[in-house]
Amino acid sequence: MFKTSDILDPAYLNQGAASLWANISPLYAADESVILRDLMRLATPQGNELAKSEQRATTLIEHVRANAGAIHMIDALLLEYSLDTREGILLMCLAEALMRIPDADTADALIRDKLSVADWKQHLSHSDSLLVNMSTWGLLLTGKVVTMDEREDGSPSSIINQLLNRMSEPVIRKVMQQAMKIMGHQFVLGQDMPEAFKCGKPYRAKGYTYSFDMLGEAALTQSDANHYFNDYWQAIQFVGQQQAKFPNEIPASVSIKLSALHPRYEVLQQAREMNELLITVLKLVSHARNLNVAITIDAEEADRLELSLQLFEQLYRHPQTKGWKGLGLVVQAYSKRALPVLAWLAALAQDVGDRIPVRLVKGAYWDTEIKLCQQKGLSGYPVFTRKEGTDVSYLACARFLLSEHLRGLIWPQFASHNAHTLAAIMAMAQHNRFEFQRLHGMGDALHDQVIQQSGVITRIYAPVGNHKDLLPYLVRRLLENGANSSFVHRLADQRCPVAELVQHPYEVLKSRKTLYNPQIPLPSQIFGAQRVNSSSPNIAIHSQWQPFNAAVKAHLNRQWQATALVNGQAVTEHSQMISVSSPANRTITVGTAHFVNASVVEQALQTASTFAPEWQATPVEQRADFIRQLGNLLETHQAELIALCQLEAGKTVQDAIDEVREAVDFCRYYAQQAEQLCAQPETWLDLSGQQVKAQRLGRGVLVCISPWNFPLAIFLGQITAALVTGNTVIAKPAEQTSLIAHRAIELLLSTGIPSGAIQLLLGDGATVGTLLTRDPRVQGVVFTGSTETAQRINRNLSQRDCPPALLIAETGGQNAMFVDSTALPEQVVKDVVLSGFASAGQRCSALRILCVQRDIADRILDLLSGAMQELRVGDPLLLATDVGPVIDETAQQGLLKHIEQMKQRARLIAQTPLPATCDKGTFVAPTAFEIQSISELGREQFGPIVHVLRYEARELDRLIDAINATGYGLTLGIHSRNEHTAAHIEARAKVGNTYINRNQIGAMVGVQPFGGQGLSGTGPKAGGCHYLPRFTHLVALES
Amino acid sequence: MFDNTFLNAQHVAVLEHWDRRGFRSRANLLATIVDQLPETAELAKQKTLLRALLAKADGLDQADTLLGPTGESNVLYLAGRGDTLVYGSETTSPLAILGLVVAALMTGNAVILHAPYHADWAEQVCRLLYQVGVPSNILTLSQDDSLEQLLATQTLKLMCAACGVLETIDLGRQLAAREGVLVPLVTEIDSVQCSHLLQPDFLWRFVTEKTRTINTTAVGGNASLLALGSASI
């Protein structure tokens, strides 16, 4: 186990980089309290450090505050419109989107959306800044003008008001765009390198140097990656030329983002990264070395850390780099792995013999990290959950970086805008072999003071690029600066006492009741007392992937046998044995399944109906307990179930993990819901005013007919809902996924649940399904599958001479996504690819019709086409596979036929290449077509095919009508930064689940209750609070 | 025929507006008929039934905010299903028919009322509902078309019937024979006490559920999470 106390011992690094590497990954999500207790030892102020740092920080702050020019207009603006106010958030949203909108109408609508809903009046004359007050007046007036054509109830107002509004819109738009550019200028040094170099001259004269960053986020396509590569190349070239011209200036450097240089910079594509990306970066490194321009590799999301380090090592050890001290790396102190990473880097430098420049930052993706971990149900967070935890880590890392034995190994670059952090580093340092860094547009006055007082080199990280590329960067900066709690914000706020700003984070953290943040529950605890979240390994993290992969691999060569299970007994008589093969490779046999005949169906019906009264009378707590036990067993047997999902259903690794997780969530959610629902009798008054007291009881025998696309989750979701509410169940899974179903019921029976409660019948729908749905002993059917089958079941049920039975049917969808021109194209395309092609498009929720506003359609389609070329179709057992096979040949042939037909009448946008290895399985290449009208589509195509339709903004309502007219209503995606637009579409669309500004698949149990309307299903929604009551009826108790 | 009416854009727009009005607002509107109901032997019961049904509006209006991962908002709310056929058979009482009509309207649906054996009463009730402000596009009295014709209404989303048990079997068969959308059948077979209509969750069958998920980080929602990271607790 890694111990911070060891690393100050110079001998520690002698273990070598290879040995120290092993310390990094296990700390990914380690116990925060344990790590912080350890780090606090290193961060504890030594000797007079505490007094010195406080004193120095106080001086710095007082100087900054005394300097009238220190607070920029933008600081004053952010002070007034902090992100704790609605107005602050609205301004940030406007800044994020306005400049990329190409069409005037949508831009005007966005301005109206943001400015009309806020209370600008409350900010009037608040600020000491004349400019801020003038801006407030402007916003207030603009807010008034943009709503002039509406009355208070939203209805249109007078013609004069409307006219005035229309006439003023171009002016307002121009002013707002100009305002956003001003905000942009605060954070961007120049639109190109010559401009940036020119603008940086006054700062260079003050003694600053630069690290230039080319604006732009992760590349989605090879074309974008090439574009970013050229930008970096040119930047290096330019810096090299300037260095030659001005040899006396402190050399500038260039920062690069690996995600900008490869369209798939992801751990799951590691083989490509270690080959293609390595070659690309090596070219830049060689170029930079030739010109002696230092390069720093920026840090990105936590999942990419290990990959970035491996790449860095390859680069650093490469002959082209050997002997060069210019290749640097950024390390984020909010990461639990920060210190072991630094130790490893130092050992690597010692191994190779060249110094490594290391920029220590606090980290900029904290909110994303927290969100992703909660969504994925990971074991913990890779980052500290308190700001002071990160600050302690920063100082602990700083102490290590400043220690004497790192001399010549690491060149520390401390990036911070916090006066106390800078002061603490200066107090800690026994030498000045380091530099400070700050961001362009932030901390100017503070760092001016530092340069004057300490003489330490300060480098400005300066984004260069056009305003369109600035937006995501700008939002990150606004988030950093705009929160009331941020140091930059509090520094500008004269009301904030200096003493509060100079508290040592060690002291602050020590004063907290817990080292972790109790307001941020662990991913497993996000549902509070209700239930435990299902868990998952993070397959991007070596220490979690390795044991997980080994456990799954142990099952990959097994042969499974599946039979019907009637009264707990395997039924092999009266059955037909079917060989089961993998859809990814039909030459691989996975096992055998015994399909039953009519006599077994009768046995199952007899058993289920005989046992129904006893099960109905079983206390709900007992029933729930069996279901909870099943949830726990699914997690215990996660590896086996994942292997089965991959082999029998062709699921990719992540899809298989998600499948098991969803099943677990269903068990826990329904168990909790049932206890809440059934524990106590319900009461109400009858028409004569008498109280009726009634108990919820199961209906009797329910048949659960489930699909192959979620062979575990939907299968068990239906069954557990029915069982926990007191119904006996006859389960009829899809014949394609009989093995998974059988194993799941074995696990269920192993909980000790009475064998009369659950019967499993394997077989085809025509034999088993028809017999079951025509039988009067059945009180209801829960079905997920095609609309046509649901209709057949309904007819079968209705033919019986008994009162109508319960039918809950969840069927397909012609799911659309609306994208207007305020949307962020890169985010849209990521979500389109995921929504349309994940799971080979075999999800009820999958995207089928992408509707893009014409003004941005070309860009979106270019990106989509490029991103589709980067998808990897193939063996789902491989981590790098994005898209696996479709379920069988029938499905494949139907989809291929549709593709051929569409090729005749629609424009093919792109089709992902299929490798030759796909020949042995049933694969369909992800395909996108451009169509002219919704009417070109027939029935739902259940596979990786997306149809794209351009629309004019003014045609939005007609398009919503057309989508509604298809009759389907399952999921809908909306990408728009205009909240009014999103709300309007959502309200008008006749769909069950709407997802705004994200992908439209992967509904979480209890969080996004799932189900549609119209042709997409009857309701109630699975995984929602109205689901279980439909499985019961209320029976009046005797008074 | 109703197909023409219901497929036209005006009907769609009026229905959307009706649905968006909210359960409480519709309930308030419908409540105004309670004291104006036509005199019948079961008037007192009718009033009690309507009051009990309309009292559920607030519960139905309440959107559920669902607990989930940070950075997203998830809300579950209810909406009307759409065009609803309310049928009152010969064997039933106006009480159950009235209950179904009011329940269907209050839950945001458009109603076609077919109660040929209670024609006069149905006409009076419809007139009353129009008088208090129920739009004519939302409530249609159809006594002349046959039940079979009405069951063929293309846009039908829900069928409510006040009838006997045997009739429900027949209605179920007729509905199942339709092409297209599966139309649920909601029945009140207790025409004397309306014991089903009064059950706590009965009105859920008149509505459809909608889930709305917003990635709030795309519109500044991460600011509050960041503030949480700096909380002084």
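Start by selecting A:Phe197, A:Tyr210, A:Phe212, A:Phe238 and A:Phe246: together they make up one aromatic cluster. Keep in mind as you look around that this is a predicted model.

Next, zoom out to the nonpolar core. The largest one has 124 residues, and A:Phe212 is among those with the most contacts inside it, along with A:Leu342, A:Leu345 and A:Phe414. Select residues 338-352 of chain A to see helix α15, which gives this core its largest share, 12 residues. There is a second stop of this kind: another core, lying apart, has 73 residues, and you can find it by selecting A:Ala639, A:Leu712, A:Ile758 and A:Tyr1027, which are among its members.

What does the pair tie together? A:Tyr670 lies in helix α28 (residues 653-678) and A:Tyr1027 in the loop between β29 (1013-1014) and β30 (1032-1036), so the pair links parts of chain A that are 357 residues apart in sequence. A:Tyr670 is buried, at a relative accessible area of 0%, and A:Tyr1027 counts as buried too, at 4%.

Two charged side chains are worth a click. Select A:Lys651 with A:Phe710: the charged end of the lysine sits over the ring, 4.3 Å from its centre. Then try A:Lys362, which lies over the face of A:Tyr394 at 5.3 Å from the ring centre.

For the last stop, show chain B beside chain A. The contact takes 65 residues from chain B and 78 residues from chain A. Between them the chains bury about 6200 Å², 57% of it on carbon and sulfur atoms. On the chain B side, pick out B:Leu182, B:Glu209 and B:Ile233, which lose the most area to chain A, together 11% of what that side buries.

How many salt bridges are there between chain B and chain A? The count is 6. To see a salt bridge between side chains, select A:Arg795 and B:Glu179, which meet at 3.5 Å, N to O.

Note on methods: Residues numbered from 1 in each chain as written. Chains lettered and ligands numbered in written order. Predicted model: local features only at pLDDT ≥ 70, side-chain atom pairs only at ≥ 80, totals over all residues. Heavy atoms only, no water. Core = buried A, V, L, I, M, F, W, Y, C linked by side-chain atoms within 4.5 Å. Buried < 20%, exposed > 50% of the residue type's maximum accessible area, 1.4 Å probe, protein only. Helix = DSSP H or I, 4+ residues; strand = E, 2+ residues; numbered from the N terminus. Phe/Tyr/Trp six-rings, centres within 6.5 Å; stacked < 30°, edge-to-face > 60°. Lys NZ or Arg CZ within 6 Å of the ring centre and 35° of its normal. Contact = heavy atoms within 4.5 Å. Buried area = accessible area lost by both parts, 1.4 Å probe. Salt bridge = Lys/Arg side-chain N within 4 Å of Asp/Glu carboxyl O.
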